[in-house]
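Please read the following points alongside the sequence and the model.

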Amino acid sequence: MHDFPDLPFDAAIEAIKATVPSHLQSPRVGIVCGSGLSGLVDSIRDLHLVPYNTIPGFAESTVPGHKSSLAFGLMGSGEGVPVVAMLGRFHPYEGHDLRVVVYPIRVMARLGITNLILTNAAGGLNPNLAVGTIVALHDHLALPNMTGMNALLGPLTSSSHARFVPLSDAYSPALRRLLFLGAHHLGLSADEVTEGTYAWVSGPTYESPAEGRFLRLVGADVVGMSTVPEVLAARQEGLNVMALSLVTNAVVIPETYRDIRAEVATELAGKPVELPPAQVVSHEEVLEIGKAKGQVMMKLVEYVVSALS
Ligand SMILES: O=P(O)(O)O[C@@H]1C[C@H](O)[C@@H](CO)O1
Ligand SMILES: Nc1nc2[nH]cnc2c(=O)[nH]1
């Protein structure tokens, strides 16, 4: 296998191995912690943190709720499974090039992981998904991918990589099976953990009502600003992928718009006008739900990782 020089893989691996104890240097599972979900680190023992700014080629995460370190350690009971977790990811809306966004996934693949568990905070498009629901992705819908913003555009980063990567099998059924076994063991209902399709958008704006309606109409259950580029790189690297969305807010999808003209007419007729409550989402709300519900996500991830031992 031949790595290309614009991405400093060898230097990154060297920097990591220089500080991580030898029994943790070859993780089997990679985990990416989404917005507000870095609490997953609490389930890692023998923890060893490597700050991103000490790893050649890594950027810094600039989003609140995203720390900027790789966490090495053991997860699960008994001997434990060696894992590496990204405490914070990179998003294109921060100004990072897509090759930089997925670089950590490729580094983790070169460290030896074979399974990747991605987590994210997402807006709910499907009205049946309550805030707090965990959605195991079985598919995605990525308009940016289809219109020239694909993480696999450009020169291959290894001569062993496929140029054309199929996505019909991107989300491992075997890992999802383990997840639902875990949900059963943890006593979680079908309303708490379910499956769905993730729409990837670039952000950083949240959806306008018409955009939310459009994404729902074309079949998406949740929407977010990450994960898909990482899935593409992981599949090109030959990793098995599981991706979990935590629904942190409902995307506002009104069936009708407020009739402001009617409100004005009512007001002019001297009658009181009842104003509907404002419905806007904020990143603070996203982080809050992540903190409140991240524990369940953590338990599920722990179950799946343990089952991979
Ligand atoms: O990194 P994730 O996808 O978990 O973060 C979500 C999407 C945006 O980055 C941010 C919006 O609140 O949360
Ligand atoms: N695009 C998008 N990303 C999110 N991440 C968390 N909530 C949302 C949302 O409503 N929309």
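**Notes on the predicted model**

1. His 91 counts as buried because it has 21 C-beta neighbours inside 10 Å; the term requires 20 or more other C-beta atoms within 10 Å of the residue's own, with C-beta atoms placed from the backbone. This is a predicted model, in which local features need pLDDT of at least 70 and side-chain atom pairs pLDDT 80 or more, while totals for chains, interfaces and linings use all residues. Residues are numbered from 1 along each chain as its sequence is written, and chains are lettered from A and ligands numbered from 1 in the order written.

2. The loop holding His 91 runs between strand S4 (81-87) and helix H2 (98-101); helices (H or I, at least four residues) and strands (E, at least two) are DSSP runs numbered from the N terminus. Setting aside residues up to four places away in sequence, His 91 touches Val 63, His 96, Val 101, Gly 203, Met 225 and Ser 226, a contact being C-beta atoms within 7 Å.

3. The unreviewed UniProt entry places a "binding site" at Ser 35, His 66, Arg 89, Phe 90, His 91, Ala 121 and Ser 226; such annotations may be inferred rather than shown by experiment. Ser 35 belongs to the loop between strand S1 (29-33) and strand S2 (45-51). Ser 35 is buried, since 26 other C-beta atoms lie within 10 Å.

4. Which residues come nearest to ligand 1? Of the 13 around it (C-beta within 6 Å), they are Gly 34, Ser 35, Asn 120, Ser 226 and Val 286. Strand S5 (115-124) and helix H9 (283-307) each contribute at least two residues to this shell.

5. S5 is mostly covered, with 10 of its 10 residues buried. S5 pairs with S1 in the parallel sense over 4 bridges, pairing being at least two DSSP bridges; here Gly 30 stands opposite Leu 116. S5 also runs parallel to strand S9 (residues 240-250), joined by 10 bridges, and antiparallel to strand S8 (residues 222-224), joined by 2 bridges. Gly 123 has Asn 249 as its bridge partner in S9 and Val 223 as its bridge partner in S8.

6. The protein has 9 helices and 9 strands, and 43% of its 309 residues are buried. Among contacts between residues at least 6 apart in sequence, 84% join residues at least 24 apart. The C-alpha atoms fill a box of roughly 80 × 45 × 35 Å along the principal axes.

Key
A residue is buried if 20 or more other C-beta atoms lie within 10 Å of its own, exposed if 12 or fewer, and partly exposed in between; C-beta atoms are placed from the backbone. Two residues are in contact if their C-beta atoms, placed from the backbone, lie within 7 Å.
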